[in-house]
Amino acid sequence: MSACQSNKDDVAPVQTAAKTDASVAVQWMNLFLNVERYAPGYRPPVAARTLGYIGLAAYETVVPGSEKYQSVASQFTGLVIPKTESGKVYRWDVAVNETYYLLMKGFFPHVVDADKAKIDSLHTKLASATGSADELDRSKKFGQDVAAAVLAYSKTDLAGDAAYLRNQPTDYVPPTGVGKWQPTAPDFSRALLPYWGKVRTFVASAADKVAKAPLDYSTNVKSTLFAQGLEIYSNTTPLSKEQQWIGEFWSDDIYKLTFEPAGRWLAIAQQVVVKENVALDKALYTYAKIGFGLSDIGVACWNSKYIYTIERPITYIRKTIDPTWVTRLNNPLSIMVGITPPFPSYPSGHSCFGAVSAEILTNIYGPDYAMTDRCHEGRTEFNGTPRSFNSFYEMAQENAYSRVVLGVHYRMDCEEGLRMGYAIGRKVNQLPWEK
């Protein structure tokens with residue numbers, strides 16, 4: 001071919017990721033929230049880890065077409081991301097549709113057939129794109145190749161891979177002793193994910209995974225721990241309508257009722273992405289950072305929970321204040337009342353997830369980003385009335401406080417969860433995301 005001739009594929013990509021709308025990503029993340037809500041074994045840390053790897057794969061699929069963002073794959077030993085063909089045109093929405101499809105199938109092989117059909121259906125719907133056959137085929141193959149690489153990488157993390165199959169292992173025996181966690185009334189469920197601290201992290205170091213030492217255990221009425229137990233008791237006896245609203249609004253504890261607490265922050269990010277109408281590359285940058293943060297703080301939080309194995313407030317309050325007291329966390333599906341999540345108290349998972357997300361979202365969208373959270377608008381099982389906030393930090397702090405008024409966490413649990421989450425969020429922000 002002479003120098004005067006040209007091949008239509010040998011031109012600079014005309015459709016950059018910054019000029020592609022984010023609808024494909026938004027639709028897949030909406031489906032994620034729907035599927036994870038019902039997926040057996042998908043409790044907070046498991047869902048958070050999946051978000052981390054799906055976020056990584058989708059982000060790495062589009063960065064070759066972004067003028068602003070760059071690959072972070074070199075930060076992860078053992079991960080090799082396929083390359084695009086130089087000078088070739090790619091449809092980034094088409095590519096990322098393939099990535100999401102294969103990752104969703106890879107992480108949710110155990111869901112019911114109806115949810116598998118939803119995954120297939122969305123893939124088919126989004127795959128009906130226009131363009132030359134070569135362009136579409138090349139784009140699809142790249143998305144598939146990135147998905148395969150990230151899925152294979154995720155499986156090298158043996159502690160985390162397919163963990164939904166072993167949520168509450170029978171071989172874990174919680175340590176006994178004064179102030180140590182034991183399964184709680186009314187259901188006395190076995191410990192959830194006691195070995196999660198072994199799961200691979202994206203940015204968190206071994207030191208990041210260890211919470212500061214909790215308050216000394218004491219039943220003395222003059223002790224700080226007693227004061228925190230009394231704070232819970234006083235707030236919940238009785239529980240005001242406002243406090244009940246706050247507690248229920250942020251709960252997301254109940255399997256199948258809503259998405260779980262890590263997914264809640266994806267749902268918050270979703271609202272921002274849609275409201276701001278961001279481009280595809282910025283949406284996937286947002287999701288990747290949120291996924292890394294949620295995954296790592298889940299590992300750090302659960303690692304610390306099983307280092308300290310601090311008993312839950314229900315055990316402490318019944319022992320020191322009122323033997324008949326129950327938490328204010330109820331399950332409207334099973335009609336079980338006064339429940340407590342089945343793992344040690346310190347630190348608070350909700351507080352961890354909220355803080356890491358607030359740190360990351362603030363970094364992307366600003367410290368004064370006001371929004372109305374409509375995650376549960378229209379719910380009838382509890383008060384899902386939207387609540388408005390002046391910043392992501394304000395959201396994180398109310399989310400943390402909600403655990404005190406439900407009676408499932410001490411103030412120390414929430415304060416340390418916030419500290420840990422902010423710290424890991426800052427580490428996620430420090431990755432070399434931008435060119």
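T61 is buried, with a relative accessible area of 0%; buried here means under 20% relative accessible area, exposed means over 50%, and partly exposed lies in between (1.4 Å probe, protein chains only). The model is predicted: local features need pLDDT of at least 70, side-chain atom pairs count only at pLDDT 80 or more, and totals for chains, interfaces and linings use all residues. Residues are numbered from 1 along each chain as its sequence is written, and side-chain values use heavy atoms, with hydrogens and water left out.

T61 is part of helix α2. Helices (H or I, at least four residues) and strands (E, at least two) are DSSP runs, numbered from the N terminus. A polar atom of the T61 side chain lies 2.8 Å from the backbone oxygen of A57. When residues up to four places away in sequence are not counted, T61 touches W92, A95, V96, T99, F142, G143 and V146, where a contact means heavy atoms within 4.5 Å.

Helix α2 (residues 44-62) also contains R49. R49 forms a salt bridge with D157, and the closest N and O atoms of the pair are 3.1 Å apart. A salt bridge is defined as a side-chain nitrogen of Lys or Arg within 4 Å of a carboxyl oxygen of Asp or Glu.

One of the pairs joins D161 and K155, with an N to O distance of 3.8 Å. D161 is partly exposed at 22% relative accessibility, and K155 is partly exposed with a relative accessible area of 41%. The side chains of K319 and E311 also meet in a salt bridge, at 3.3 Å from N to O. In this pair K319 is partly exposed, with a relative accessible area of 47%, whereas E311 is buried, with a value of 3%. A network of salt bridges links E242, R387 and E398.

Helix α10 covers residues 313-320, and P313, I314, Y316 and I317 in this helix are buried. Viewed down the axis of α10, the buried residues fall within an arc of 165°, so they line one face of the helix; the arc is that of the directions from the helix axis to the C-beta atoms. These buried residues of α10 pack against α6.

For the chain as a whole, there are 13 helices and two strands. Of its 435 residues, 59% count as buried. The radius of gyration, taken over C-alpha atoms, is compared with a globule rule of 2.2 Å times the number of residues to the power 0.38. A compact globule of 435 residues would have a radius of gyration near 22 Å, and the chain agrees with this at 23 Å. The C-alpha trace spans about 90 × 40 × 40 Å along its principal axes. Among contacts between residues at least 6 apart in sequence, 82% join residues at least 24 apart. The accessible surface of the chain is about 17,300 Å², and 53% of this surface belongs to carbon and sulfur atoms; accessible areas come from the Shrake-Rupley method with a 1.4 Å probe, and for residues only the protein chains shown count as cover.

Notes. Polar contact = N/O pair within 3.5 Å; in protein donor to acceptor, adjacent residues only side chain to side chain.
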